[in-house]
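Please keep the sequence and the structure open while reading.

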Amino acid sequence: MICPRLAELPSAPAGKTGWPWTEESSRLTDTAAKGQTRLRISVITPSFNQGEFLEETIRSILLQGYPDLEYLVLDGGSTDGSVEIIKKYSPWINYWVSQPDSGQSAAINQGLRRASGKFATWINSDDLLCKNALVDHVSRYACSLNTVYVGICVYIDARSNFLSEHQGNVHSLEDLLRIREVWRSDPQRGHIVQPEVLFPRELALSVGGLNADNHRTMDYELWGNLLLSGAKFRYTGIPFGMFREHENQKTHDMLEQTRSLLDTAAQLVHRADCLSEVTKSELLADLLSYRVEYEKNDWKASGRLAKLGLPRPLVLQLRHLRALVRKATHLAAGGESL
């Protein structure tokens, strides 16, 4: 698919301006790419009941100005108007479906298998591609099929306002596994944000794609599997993806996100034959230490009684009693049962 021009797409809703509503990317001509003309890039959007953000996501991909873009939308059977939005843009979408699935990872895997691009990425239905992301990347880099390219991620809020920019700092498997020292180092975390990544599609499939049973840190696990396969990670310095922060996203539950991250890291350590047994033992010990510290601090931050150091069983019992009192008070005031 040749990306449509702004004038060809449906008009932006009233009050929506800027990228990708009233602006489009520069267009890449066949002679502009460094020996990579007509390199097909596949973009997959998994979606479920994200109608609030979905149209903006779709437009950010269609308006890339890229001459050989393949776009697939895998919707999990949304009931919030998402399907109507997809249909609105269906003339420019190579493939879409809306039906119950086994979750985000399974949907992305389905898209990767159906796609045909040499390189691929997925952009969740609340995230975006940056303006000129694909044009700038292909114009500046000859794409190696053993290399994962990592750009700059722009953080935005629920209203698409700029929050910050981020550049990852993972260069090896050991970097990836050092959660305390690299992935979550202070003050500048070295983690890789998924929408800033462009990866070889067949290489991703060769390592099994995403783990469909991992619903929180499947991208982290994929980066680990790619590094285990010998892939190189190259940082481009190009603004590539936008990650939207809002209260309804899975990553908002940082305790569960952290537990999943540490579990996945430990599994990768055990599989890393390239690391010495001494290094493995060190990494596993540090992952366990980080887990204990994180869960302890998370508990202290959960409320005043926990912060005071009262025993956890007592705090939980008092919280349960308080909830019962509030419920009884609510019912006595004529409220409905919760």
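## The second largest pocket

With five residues, α1 gives the most to the lining of the second largest pocket. The model is a predicted one. At least two lining residues each come from α1 (51-62), β6 (147-156), β7 (162-167) and β9 (232-244). The lining has 24 residues, and those nearest the centre of the pocket are Trp19, Trp21, Glu56, Arg159 and Ser160.

The space in this pocket amounts to about 450 Å³. By residue class, the lining of the second largest pocket holds twelve nonpolar, five polar and seven charged residues.

How many of the residues of β1 are buried? Seven of the seven are, so β1 counts as buried along its run under the cut-off of 20% relative accessible area. Ile41, Val43, Thr45 and Ser47 point one way from the strand, while Ser42, Ile44 and Pro46 point the other way.

β1 runs parallel to β2, with seven bridges joining the two strands. Within β2, Val73 is the residue opposite Thr45. Val43 has Thr121 of β4 as its bridge partner.

## Strand β8

Strand β8 is paired with β4 in the antiparallel sense, over two bridges. Pro200 in β8 stands opposite Phe119.

β8 also pairs with β6, again in the antiparallel sense and over two bridges. Here Val197 of β8 is the bridge partner of Val150.

## Helix α4

Which residues of helix α4 (residues 133-140) are buried? They are Ala133, Leu134, Val135, His137 and Val138. The elements that cover them include β1 (41-47), β2 (69-75), β5 (128-129), β6, β8 (197-200) and β9.

Most peptide bonds are trans, and most residues other than glycine have a negative phi. The bonds and residues below depart from one or the other of these patterns.

Trp19 and Pro20 are joined by a cis peptide bond, with omega at about -5 degrees. Pro20 belongs to the segment before β1. Trp19 is also among the residues nearest the centre of the second largest pocket.

Another cis peptide bond links Asp186 to Pro187, with omega at about 0 degrees. Asp186 is in the loop between α6 (179-183) and β8, and Pro187 lies in the loop between α6 and β8 too. Is Asp186 buried or exposed? Its relative accessibility is 69%, so Asp186 counts as exposed, the cut-off being over 50%. A distance of 27 Å separates the C-alpha atoms of Asp186 and Leu129, which are 57 residues apart along the chain.

## Positive phi angles

Asn49 is not a glycine, yet its phi is positive, at about 50 degrees. Asn49 sits in the loop between β1 and α1. Asn49 counts as partly exposed because its relative accessibility is 31%.

Ser160, likewise not a glycine, has a positive phi of about 70 degrees. Its place is the loop between β6 and β7, and both of these strands supply at least two residues to the lining of the second largest pocket. Ser160 counts as partly exposed because its relative accessibility is 27%. Ser160 is also one of the residues nearest the centre of the second largest pocket.

Conventions: Residues numbered from 1 in each chain as written. Predicted model: local features only at pLDDT ≥ 70, side-chain atom pairs only at ≥ 80, totals over all residues. Heavy atoms only, no water. 1 Å grid on protein atoms, 1.4 Å probe; cavity = no way out; pocket = protein on both sides within 12 Å on 5 of 7 lines; lining within 4 Å. Points joined across faces, edges and corners; volume = space filled by probe spheres on them. Helix = DSSP H or I, 4+ residues; strand = E, 2+ residues; numbered from the N terminus. Nonpolar A, V, L, I, M, F, W, Y, C, P; charged D, E, K, R; others polar. Buried < 20%, exposed > 50% of the residue type's maximum accessible area, 1.4 Å probe, protein only. Contact = heavy atoms within 4.5 Å. Pairing = 2+ DSSP bridges.
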